[in-house]
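The sequence and the model are shown first.

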Amino acid sequence: MRLLRSFFLLIAALCLALSAQAQSNRLDDILARGVLRVGTTGDYKPFSYRPAGTSEFIGLDVELAGQLAKTLGVKLELVPTTWPSLMKDLGEDRFDIAMGGVSISLERQKKALFSIPYLRDGKTPITRCENKDRFQTLAQIDQPGTRLIVNPGGTNERFARAHIKQASITVYPDNVTIFDQIVAGKADLMLTDAIETRLQQKLKPQLCALHPEAPFDFSEKAYLMPRDLLWKAFVDQWLHQTVASGAFAPMLEKWLSHPWP
């Protein structure tokens with residue numbers, strides 16, 4: 001009898017949880033509101049970028065955010081956020097989803113959900129081309145006198161602090177102009193996502209991406225959402241169809257080749 005009571009109590013609890021989920025979920029809230037709120041940083045080409053002095057965002061994930069809103073039949077509202085405040089802003093319900101080159105991490109997964117991944121990536125160095133033979137490995141990088149630069153609050157800083165113990169690490173607050181610091185000789189290199197190094201070496205011929213095809217670690221890009229399984233299921237299915245239809249690949253190439261300011 002005790003086992004039966006425990007079983008029925010468990011079933012009742014599950015039914016209550018499912019009932020609450022059915023009564024209130026973010027997908028229905030977005031449809032009723034008529035607006036999809038997308039958090040984005042505007043400092044990470046080719047995913048999300050806001051040119052200086054403007055309020056307009058452009059980039060791969062900005063375009064995809066517009067397509068997601070169109071699929072839902074609602075308006076798009078882009079909400080500025082930053083890498084240091086990303087999780088706090090999500091927790092305070094400032095947006096329904098974060099889109100803009102967000103890397104999957106277990107720390108973020110503790111507090112939120114990720115969509116299925118849409119891009120495989122990993123950390124790799126970018127440096128001035130005359131230094132490309134000096135910084136091929138982490139052992140070569142992690143030497144006294146090496147000046148590493150990172151943007152604050154994201155996976156780049158966490159990776160650097162986990163692997164770099166002897167080289168100096170400078171936290172630079174502006175992710176848009178951080179690569180100019182390397183060009184100007186104020187820093188030796190940056191460890192960042194391989195896709196970003198590929199883009200930056202196109203934009204700045206003085207810089208070379210080092211083995212972006214074989215990064216130091218494995219990571220994936222996805223979209224970050226609150227803990228709502230119905231909302232995640234919709235985003236996953238939309239993203240799966242976008243990638244499987246062949247629409248995603250040319251969009252990515254278009255933004256990698258975009259004449260960025």
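Helix H7 (155-163) and strand E11 (189-193) each contribute at least two residues to the lining of the largest cavity. The model is a predicted one, and the values below are computed from it.

**Cavities**

The structure contains 2 cavities of 30 Å³ or more. The largest has a volume of about 120 Å³. Its lining comprises 15 residues, of which Tyr44, Trp83, Asn151, Thr155 and Asn156 are the closest to the cavity centre. By class, this lining divides into 2 nonpolar, 8 polar and 5 charged residues.

The second largest cavity has a volume of about 30 Å³. Strand E2 (43-44) and helix H9 (194-203) each supply at least two residues of its lining. The residues concerned are Asp43, Tyr44, Lys45, Tyr49, Asn175, Val176, Phe179, Glu196 and Gln200. Here the classes are 4 nonpolar, 2 polar and 3 charged. Tyr44 lines the second largest cavity and is also among the residues closest to the centre of the largest cavity.

**Backbone geometry**

Most residues other than glycine have a negative phi, and most peptide bonds are trans. Which residues does a cis peptide bond join? The bond lies between lysine 45 and proline 46, with omega of about 5°. Proline 46 is located in the loop between E2 and strand E3 (48-49), while Lys45 belongs to the lining of the second largest cavity.

| Residue | Phi |
|---|---|
| Aspartate 93 | about 60° |
| Histidine 211 | near 35° |

Aspartate 93 is placed in the loop between helix H4 (86-91) and strand E5 (97-98). Histidine 211 is found in the loop between strand E12 (207-209) and strand E13 (219-221).

Are these residues buried, partly exposed or exposed? Aspartate 93 has a relative accessible area of 35% and is therefore partly exposed, since that class lies between the 20% and 50% limits. Histidine 211 has a relative accessible area of 17%; because buried means under 20%, histidine 211 counts as buried.

Conventions: Residues numbered from 1 in each chain as written. Predicted model: local features only at pLDDT ≥ 70, side-chain atom pairs only at ≥ 80, totals over all residues. Heavy atoms only, no water. 1 Å grid on protein atoms, 1.4 Å probe; cavity = no way out; pocket = protein on both sides within 12 Å on 5 of 7 lines; lining within 4 Å. Points joined across faces, edges and corners; volume = space filled by probe spheres on them. Helix = DSSP H or I, 4+ residues; strand = E, 2+ residues; numbered from the N terminus. Nonpolar A, V, L, I, M, F, W, Y, C, P; charged D, E, K, R; others polar. Buried < 20%, exposed > 50% of the residue type's maximum accessible area, 1.4 Å probe, protein only.
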